[in-house]
Amino acid sequence: MWATPAGERRLVGSTEEVAGFVSAVYGFDRTDVSPLLCDVDDHRLDLSAPGLGLQLHLRVGPGWRIPFRRPAWVTRWVEAPVARRLLGVRTYGVSPSGVREWYRADVYRPVVEARASLAGRDLGELRPLDPPVRFGFSEPPRPPSMVWLRPLLHDPSGALDRFLLGPASPPRRAPR
């Protein structure tokens, strides 16, 4: 997910299936399907979408890691106020399509160096995200960051289950 300087919200999906699933949860102005090549470790991320001419290189500094799994209620009621105050992000919300989502961060690292280009054009210097990209409650942190998440999704309508498993999929119990 990314946004153009004009505010167009875009999704790059590696396959039609991935793009369809993510688009079923979030709203985008444009969706592209392109192979995504990614090389990542604890200190850097290199990403390219050759079909779009997108190149991204991030180098990250020391951050923090949460070494244990937490239930959804901890993410919603304990982590949420901390994440909102420190990073300006929300860890729980409901997407425009009605999907309840918990964003459980496992690793946070500040980006200390970045290079990015789109179709051969340099995208400029590293700086805080401003203005917001309008992804709703899933807005990324304002400070340049690399965050490893384990999202938990619950769709009371069952549309995501049908998308993933087919129309005969059984209903799932909502997380607490």
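These legends describe close-up views of a predicted model. Local features need pLDDT of at least 70, side-chain atom pairs count only at pLDDT 80 or more, and totals for chains, interfaces and linings use all residues. Residues are numbered from 1 along each chain as its sequence is written, and side-chain values use heavy atoms, with hydrogens and water left out.

**View 1. Asp32 and Arg30 are joined by a salt bridge.**
A salt bridge here is a side-chain nitrogen of Lys or Arg within 4 Å of a carboxyl oxygen of Asp or Glu. Side chains of opposite charge can pair when their charged atoms come close. Between Asp32 and Arg30, the N to O distance is 3.1 Å. Are these two partners buried or exposed? Asp32 is buried, at 9% relative accessibility. Arg30 is partly exposed, at 38%. (Buried means under 20% relative accessible area, exposed over 50%, and partly exposed in between, with a 1.4 Å probe and protein chains only.) The whole structure holds 13 salt bridges.

**View 2. Asp39, Asp41, Arg44 and Asp46 form a network of salt bridges.**
One link in view joins Asp39 to Arg44. Their closest N and O atoms are 3.0 Å apart. Asp39 is partly exposed, with a relative accessible area of 40%. Arg44 is partly exposed too, at 24%.

**View 3. Glu113 pairs with Arg115.**
This salt bridge spans 3.4 Å from N to O. Glu113 counts as partly exposed, with 29% relative accessible area. Arg115 counts as exposed, at 51%.

**View 4. The largest nonpolar core has 11 residues.**
A nonpolar core is a set of buried Ala, Val, Leu, Ile, Met, Phe, Trp, Tyr and Cys residues joined through side-chain atoms within 4.5 Å. In soluble globular proteins, nonpolar side chains tend to be buried together. The members are Leu11, Ala19, Val22, Val25, Tyr26, Phe28, Val99, Tyr103, Val133, Phe135 and Leu160. Which helix gives the largest share of this core? Helix 1 (residues 16-25) does, with 3 residues. Helices (H or I, at least four residues) and strands (E, at least two) are DSSP runs, numbered from the N terminus.

**View 5. Trp73, Trp77 and Val78 make a nonpolar patch on the surface.**
Patches are made of residues with over 30% relative accessible area and no salt bridge; like charges are joined within 9 Å, and nonpolar side chains (Val, Leu, Ile, Met, Phe, Trp, Tyr) within 5 Å. Together the three residues have about 380 Å² of accessible area. That area comes from the Shrake-Rupley method with a 1.4 Å probe; for residues, only the protein chains shown count as cover. Val78 sits in helix 2 (residues 72-87). Val78 is partly exposed, at 46% relative accessibility.

**View 6**
Tyr26 and Phe28 form an edge-to-face pair. Their ring centres are 6.4 Å apart, with 70 degrees between the planes. (Rings of Phe, Tyr and Trp, the last by its six-membered ring, pair if their centres lie within 6.5 Å; planes under 30 degrees apart count as stacked, over 60 as edge-to-face and the rest as tilted.) Tyr26 is buried, at 15% relative accessible area, and Phe28 is buried at 16%. Why does the pair of Tyr92 and Trp102 count as tilted? The planes stand at 55 degrees, so the pair is tilted, with centres 5.1 Å apart. Tyr92 lies in strand 8 (residues 92-94) and Trp102 in strand 9 (residues 100-118), so the pair ties together parts 10 residues apart in sequence. Both Tyr92 and Trp102 are buried.

**View 7. Asp106 and Arg104 belong to strand 9.**
Asp106 is buried, at 18% relative accessibility. The side chain of Asp106 makes a polar contact with the side chain of Arg150, at 2.8 Å. (A polar contact is a pair of N or O atoms within 3.5 Å; within protein, one must be able to donate a hydrogen and the other to accept it, and residues adjacent in sequence count only if both atoms are side-chain atoms.) Arg104 is buried as well, at 13%. The C-alpha atoms of Arg104 and Thr91 are separated by 6.8 Å, although these residues are 13 apart along the chain.
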